[in-house]
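Hi,

Here's the structure I said I'd pass along.

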Amino acid sequence: MIDIRIEKTTTPKEKPAAAGLGFGQTFSDHMFLMDYNNEKGWYNARIVPFGYLSIHPACTALHYGSEIFEGLKAYRKPDGSVQMFRPIENLRRMNRSAERLCLPQVPEEDFMQILDTFVGLEQDWTPSEAGTSLYLRPFMYGNDETLGVHAVHNATLAIIASPSGSYYKEGINPVKIMIEAEDVRAVRGGTGYAKCGGNYAASNRAGQRAEEKGYSQVLWLDGVERKYIEEVGAMNVMFKIDGTIVTPALTGSILPGITRMSCIEVLKSKGFTVEERLLSIEELEAALKAGKLEEAWGCGTAAVVSPIGELAYKDDIFVINEGKIGEVTQMLYDTLTGIQFGNGEDTFGWTHPVK
Ligand SMILES: *Cc1c(COP(=O)(O)O)cnc(C)c1O
């Protein structure tokens, strides 16, 4: 057990109306902070009023990108209580990201205690309208006050919370995706499997170009041959080809999504064959031409699943399932949101009550 000092705000904010909630725009009353020094270890765990951080202008994260983050949600159940979805998996992944970027890890039990304490205090900020949730953003940054380049000696762990609106206000509509043939997001041996800000910075240019052409996100190809499918924007990707579910194997350049892992477990429990393997763009094209590319969807915490209705690759346009959401995509959405919002039975034991 670690000691967490709690300083409550004396000026609690008004909770925003559910209708105006977007993503990541309003924040709850408090934030969690904890500092690290390589001699002292973790110290000064505290929950304080939400506010600005004070950092040294030479702060490592600003110059050399020592920054990692997580994203998970707290959901309001029909009985009014609040729960999280597989939070331990986010904490484990954050520790794996930390290891890759030479940032300090947090012992799992302490990390869970921190999250439980923070979300317990902020749970009133979880909205209750359909599809809404309290988005939780743990992050960590290197905080050395020197321009020397080395693994960090000082770091800060923070958690902030943001009530967010429903991802699908206008219903689940399949999206158009552009396959990116030039820029790559990550390479094997790089930081692709770590959830770090640098990966996002590297992705922005392609994302912006896709948007300008009327596509909502890009589908990334592997960094070496630009041949194998990796993931979609900030989501993992799955295809139903001739009855089998195919998703790119976690080769090191792909972020191991918790929604991806959960989809695989749900699919297997329903008797589907799921193949995690290399999937080339040629194979996808051949499946489409043979009429065997039955469904495609992205999966991630924000959208749960996002059906793909159209893929553009160079001058070709692949239309999938006539641009409509497929049966398996819909089943995954219903099963996962049923568990997350507490409308369906949690047969997998994935939910974690907030006390
Ligand atoms: C966070 C993220 C995902 C999805 O992971 P989930 O744990 O399912 O939310 C996929 N790809 C990238 C690049 C990500 O950052």
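By polar contact I mean a pair of N or O atoms within 3.5 Å (within protein, one must be able to donate a hydrogen and the other to accept it, and residues adjacent in sequence count only if both atoms are side-chain atoms). Bear in mind that this is a predicted model, where local features need pLDDT of at least 70, side-chain atom pairs count only at pLDDT 80 or more, and totals for chains, interfaces and linings use all residues. Residues are numbered from 1 along each chain as its sequence is written, and side-chain values use heavy atoms, with hydrogens and water left out.

A polar side-chain atom of Arg93 is 2.8 Å from one of its oxygen atoms, and Thr301 puts a polar side-chain atom 2.6 Å from a ligand oxygen. Of the 380 Å² of accessible area that the ligand has on its own, the protein covers 96% (Shrake-Rupley method, 1.4 Å probe).

There are 14 residues around the ligand, and Lys195, Tyr200, Glu231, Thr259 and Thr301 come nearest (a residue counts as near if one of its heavy atoms lies within 4 Å). That shell splits into five nonpolar, five polar and four charged residues, with Tyr counted as nonpolar and Gly as polar.

As for the chain, it divides into domain 1 (4-164) and domain 2 (175-340), with bounds from an automatic or database domain assignment. The domain centres, taken over C-alpha atoms, are 28 Å apart.

Cheers
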